[in-house]
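User: I've got a model open and want to talk it through. Can you help me read it?

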Amino acid sequence: MIEAAQLRKEYHMGDSVVHALAGVDLRIQPGEFVSITGASGSGKSTLMHILGCLDRPTSGIVRVAGETVSALNDKQLARIRNQHIGFVFQTFNLINRTTAFDNVLVPLVYTRRAFAKKAARDALERVGLGKRSKHRPSEMSGGECQRVAIARAIVNKPRLILADEPTGNLDTRTGEQIMQIFHELHADGITILVVTHEMDVAVQAQRMIHMKDGNIVEDTAVDDHRREQILTQAHDVHTRAFRQKAAAKAILPAAARVPEVGGWPTSFGGGGGDDRGHDAERESSSPPGPKDLGYPAEVDPVRE
Amino acid sequence: MFHLQILLMAFRGLKQNLVRSLLATLGVIIGVGAVVSAVSILEGAQRNILDRFESLGADQVLIFNGSDRKSHRQVQTSSLLPKDSDLIAEENKDIIVAAAPQYSGAGQVKFYEKNAFATILGATESYAPMYQYKVAQGRFLTREDVRGNAMVAVLGYKVANEIFGALPSVGKTVKINGKSFILIGVMEEKGAYGFIELDSQVIIPLSTAMGRMFGQRYLNMLVVQCTSAARVPACIERVKKTLRASHQISAGDDDDFIVFTQDQFKQQLGQVALIFGVVLYSIAGISIIVGAIGIMNIMLVSVTERTREIGVRIAVGARRFDILKQFLAEASIISMFGGALGIVFGWAISNLLSELTQVLETYTPPIIIALALLMAIMVGIVSGIYPAIRASRLDPVQALRYE
Ligand SMILES: Nc1ncnc2c1ncn2[C@@H]1O[C@H](COP(=O)(O)OP(=O)(O)OP(=O)(O)O)[C@@H](O)[C@H]1O
Ligand SMILES: [Mg+2]
């Protein structure tokens, strides 16, 4: 479904160069459900945009749905986005002045397909909003808006869904419902890529990718056992992080402070690429501080 | 090229910002309105006023009181006497068929409790033949009526109709401005002559009008019938010579009368129309430029406001050309909307003008409506092209990040 080799994306800011992607190699088979995590600025969205044919890499090769992206012109890329890819965004990105139905219809406007209305209606049914098609985004909850956005993403029956923090603006329960829809779509054979900051979301994938500074530093298959392990660990880390923060604010006695923190990336480094694993290990074993918490630091314990 | 979905989409977008779109399109409304009213007025003038002057006859010369040139010397404003008319006719028999002196004023015609307002025209027996104006009943004025200051009157078609309807009127006595006149005839229906509505006139002997009716020394107008249109210039020379002699104007001094021909009228009218046209078309041009800028501005605002929407559209498969089309369609729809309002506005203005002035008759040719709409669409496309290009060139990744 996706093949990327030595993907680089550089942004030139005056004299300095930002390496949003610093040579990413990635292969995703059709039907996979992959989650991508990583600190803010690690290049997750950049990668999604390139894989989604919205952006072009500075260098490297991308193949999506059997097409070599760099060989295609804008018009052909638009067709691929329209036919094969569905985007879901953190902020829903619905058109506020029109109804749910019209929002779902948008991709079809560029498809010029017969029975467009039926397709849009079906897609809304699929996400359980068949009865809300006449509502505007302002009349719907966040979860419903995101479901409309998913309906829009699937209306053209794409083979690939790229979701950039789809649950980021939703509470845990609603996020869970959204993930449920992704699971169903996955069961139908759609390849799914979800960027997330939430461990609970990330572990639902079959495969977890962790990014850091424009590189993939972890790439692990997840089975039930591992899922359990990770969640427990994450929970531990949360607790520790919480204690640590609390201690910093002197809520807890100093004795309760946790001196060492082990983040998720280090805890099961066996997965992909030893080098990267070691890198990560080295970094996270450096003296602790609030900034060095690794992955869990991004998770706000209070939110859960 | 523009398929329905995109047009519908554009239309829905605009409904949302109706007031704003209306304001943006004000220039187009005024511009198109000015064009439509300009064309309506000019076309109306063409069809109507020029037509009327056609009825003046190319072989006639009209003479008025007054001075043609700007002179430092005070010129007597009234100078034409009834005897000038006789002199002109008698002295130039070879080239002039007849001269019809006229004096007219306003008046009221009464027959018992019926009454009508009319133009009271003092004329001579030469009046009716000059215009091929025929009596329907009774007879026209005779030389004797004029010589004898007779208290007789001939009614125009409308006046007769208003007072007598289908009843016989010849022989009846009516009061005109309080004085009794015997009706000797009713004229046929004739319509307009120049600016004069013939059917609303009551014709009485010139001598009676200038004497007992209005107490005036000078004529309003003198119409001279030349033997042919080709001889009008020669005719004018003779008229001038006779009148200058009669008015004792010394060589080198200006005329104290003005000579007009159908040609001159047409030219003058053409000039008025031209000035009118230039003014209106300038207003139209400026307004449309303002309108175009207004639409461009509103479209730029719209593009900025909808940056994210554009990003989403590209993400779900819109080609850049699709985005371009959408914004062009929107600009054209706004502009066309303004154009439609402008047409109504222009039509209303021109009708109001013709209503107020009474003289100005307007005519709005259907083709101008189509042209005005077309023009509005063009304005939309021209002013929408830059914003639309901006929209279509947006980087989708940046657009999706846009707050
Ligand atoms: N247009 C740009 N110009 C300059 N730098 C950019 C631009 N877009 C992205 N970057 C940089 O590229 C890096 C990767 O950004 P990206 O948005 O992919 O991160 P991310 O992993 O999605 O972060 P987040 O979790 O906050 O969404 C960041 O350092 C960012 O500052
Ligand atoms: Mg991001």
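User: Which residue of chain B forms a salt bridge with Asp74(A)?
Analyst: Arg320(B) does, with the closest N and O atoms 3.4 Å apart. Keep in mind that this is a predicted model.

User: How many salt bridges are there between chain B and chain A?
Analyst: Two salt bridges. The two chains also have seven residue pairs in polar contact, counting pairs with both residues at pLDDT 80 or more.

User: New topic, the ligand. Where does ligand 1 lie?
Analyst: Ligand 1 lies between chains A and B. There are 16 residues around ligand 1. Those that come nearest are Ser40(A), Lys44(A), Ser45(A), Thr46(A) and Gln398(B).

User: What lies 2.9 Å from an oxygen atom of ligand 1?
Analyst: A backbone N or O atom of Gly41(A). For Ser42(A), a backbone N or O atom lies 3.3 Å from a ligand 1 oxygen.

User: Which side chain has a polar atom 3.0 Å from an oxygen atom of ligand 1?
Analyst: His197(A).

User: Back to salt bridges. What's the count over all chains?
Analyst: It comes to 22 salt bridges. One pair is Asp219(A) with Arg207(A), at 2.9 Å from N to O.

User: What does that pair of Asp219(A) and Arg207(A) tie together?
Analyst: Asp219(A) lies in strand β10 (residues 215-221) of chain A and Arg207(A) in strand β9 (residues 207-212) of chain A, so the pair ties together parts that are twelve residues apart in sequence. As background, side chains of opposite charge can pair when their charged atoms come close.

User: Now the open sheet of four strands in chain A. What's the order?
Analyst: β2-β1-β4-β5, with antiparallel pairing. The edge strands are β2 (16-28) and β5 (67-68) of chain A, and each pairs on one side only.

User: How many bridges are there between β1 and β2 of chain A?
Analyst: Ten, with β1 (residues 2-13) and β2 of chain A antiparallel. Met13(A) has Ser16(A) in β2(A) as its bridge partner.

User: What's between the strands in the hairpin of β1(A) and β2(A)?
Analyst: Two residues. In this hairpin, Gly14(A) takes a positive phi near 65°.

User: How many bridges join β1(A) to β4(A)?
Analyst: Five, and those strands run antiparallel. Ile2(A) stands opposite Val64(A) in β4(A).

User: And how many bridges between β4 and β5(A)?
Analyst: Two bridges, in the antiparallel sense, with β4 of chain A covering residues 59-64. Arg63(A) has Thr68(A) in β5(A) as its bridge partner.

Technical notes:
Residues numbered from 1 in each chain as written. Chains lettered and ligands numbered in written order. Predicted model: local features only at pLDDT ≥ 70, side-chain atom pairs only at ≥ 80, totals over all residues. Heavy atoms only, no water. Pairing = 2+ DSSP bridges. Salt bridge = Lys/Arg side-chain N within 4 Å of Asp/Glu carboxyl O. Polar contact = N/O pair within 3.5 Å; in protein donor to acceptor, adjacent residues only side chain to side chain. Near = heavy atom within 4 Å.
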